[in-house]
Amino acid sequence: MSQKTSLPPTTDHPTAPHGNGRRSRREFLRSAALGAIAVATVPLLRGHMAHAATTGGRSMLIVYFSHSGNTRRLAACIQRLTGGDMAQITPLTPYPQDYDAVVELARQEQRRNVRPPIAAMQPDPAAYDTLFLGYPNWWGTFPMPVATFLENYPVGNKTLVPFCTHEGSRLGKSEQDLRRLCPQARLLKGFEVRGSRVDGTEPSVKAWLSELGLI
Ligand SMILES: Cc1cc2nc3c(=O)[nH]c(=O)nc-3n(C[C@H](O)[C@H](O)[C@H](O)COP(=O)(O)O)c2cc1C
């Protein structure tokens, strides 16, 4: 396990990406509702193979954390296009569904630089040479369980491909933070989309993957 590296605090506020807190909050809630619907379809996608899926000679694992389902749907889209395997980052203590409660908890976790414990990853990321890493933007970067994942399963010099859903802040400073936590990784250009627009994004995902030479 590598040494705990601290993430600097962010000034990015989750309710302020559009300069209109009320509208932004409504969008978050709408995203959460869409995500909840998507959860029903996810068990189909959660299955994984006993061996690393290989595309064009690469073994690819799509690792993601998702609270309300948007990032999970984006991960599923990448899975369809690449044929990679999927693995979810699951905090041992689930985050509250109440919006204000999760926002406050996430803020405190980031401020204190905590590493929320996560369940053992299935399949084991060590078997893959390319890791996609998906997360929602929380307070300007990835949620802290993603930091736990990176420390429990060191990326080393693997290829790391970030993707992110958000409501205005795009990738924020998450790529910078990934670089800090995974200094040896071959970090490729990340993909970002608003959580409320994930469903129409497959053509852009396809273009991004082919630009990177991953499909
Ligand atoms: C705790 C929390 C913090 C958030 N912070 C931001 C933020 O700083 N910037 C932003 O654009 N969106 C922010 N959002 C919105 C989420 O990034 C967005 O809704 C995302 O699509 C949720 O992904 P998920 O459904 O996979 O959990 C935040 C949402 C939550 C719950």
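Predicted model: local features only at pLDDT ≥ 70, side-chain atom pairs only at ≥ 80, totals over all residues.
**Overall layout**

I started with the fold. I find seven helices and seven strands in the chain. Reading from the N terminus, I get the order α-α-β-β-α-β-α-β-α-β-α-β-β-α. The chain has 215 residues, and 51% of them count as buried. I also looked up how far apart in sequence the contacting residues sit. Taking contacts with a separation of 6 or more, 81% are between residues 24 or more positions apart.

**Confidence**

The pLDDT averages 85 over the chain, and 75% of the residues reach at least 70. Which elements mark the two ends of the range in mean pLDDT? Helix 2 (residues 43–46) is lowest at 38, and strand 4 (residues 130–136) is highest at 99. I noted two stretches with pLDDT below 50. Residues 8–12 are one, with eleven contacts in the model beyond near neighbours in sequence. Residues 15–23 are the other, and there I have 16 such contacts.

**The cores**

I then went through the nonpolar cores. The largest has 33 residues, and the members touching the most others are Ile89, Leu133, Phe149 and Leu150. Elements that contribute two or more residues to this core are strand 2 (58–64), helix 4 (99–112), strand 4, helix 5 (144–152), strand 5 (159–166) and helix 6 (174–181). A separate core holds 22 residues, including Cys77, Val161, Leu188 and Val198.

Setting aside neighbours within four places in sequence, I find Phe149 in contact with Val63, Ile89, Ile118, Met121, Pro125, Leu131 and Leu133.

**Helix 5**

Why is helix 5 largely enclosed by the rest of the structure? Eight of its nine residues are buried, so the helix has the rest of the structure around most of it. The buried ones are Met144, Pro145, Val146, Ala147, Thr148, Phe149, Leu150 and Glu151. I see them packing against strand 2, helix 4, strand 4 and helix 6.

**Strands 5 and 7**

I looked at how strand 7 sits. Strand 7 pairs with strand 5 in the parallel sense, over four bridges. Within that pair, I find His166 opposite Arg194 of strand 7. In a regular strand, side chains alternate between the two faces of the sheet.

Is Glu167 buried or exposed? Its relative accessibility is 6%, so I count Glu167 as buried, the cut-off being under 20%. I also found a polar atom of the Glu167 side chain 3.1 Å from the backbone nitrogen of Ser196.

**Around the ligand**

How many residues are around the ligand? I have 22, and Ser66, Ser68, Thr71, Asn137 and Thr165 come nearest.

- An N or O atom in the side chain of Ser68 is 2.5 Å from an oxygen of the ligand.
- A polar side-chain atom of Thr165 is 2.7 Å from a ligand oxygen.
- For Gly69, a backbone N or O atom lies 3.0 Å from an oxygen of the ligand.

Most residues other than glycine have a negative phi, and most peptide bonds are trans. The bond from Gln122 to Pro123 is cis, with omega near -5°. I place Pro123 in the loop between helix 4 and strand 4.

Asn113 lies in the loop between helix 4 and strand 4, and its phi is positive, near 55°. Asn113 is buried, with a relative accessible area of 10%.

Trp139 also has a positive phi, about 55°, without being a glycine. Its place is the loop between strand 4 and helix 5. Trp139 counts as buried too, at 11% relative accessibility.

Thr54 is in strand 1 (residues 54–55). I have its relative accessible area as 53%, so Thr54 is exposed, which takes over 50%. Thr54 and Gly84 are 30 residues apart in sequence, and I read 6.9 Å between their C-alpha atoms.

Terms used: Residues numbered from 1 in each chain as written. Heavy atoms only, no water. pLDDT = per-residue confidence, 0-100. Contact = heavy atoms within 4.5 Å. Core = buried A, V, L, I, M, F, W, Y, C linked by side-chain atoms within 4.5 Å. Buried < 20%, exposed > 50% of the residue type's maximum accessible area, 1.4 Å probe, protein only. Pairing = 2+ DSSP bridges. Near = heavy atom within 4 Å. Polar contact = N/O pair within 3.5 Å; in protein donor to acceptor, adjacent residues only side chain to side chain.
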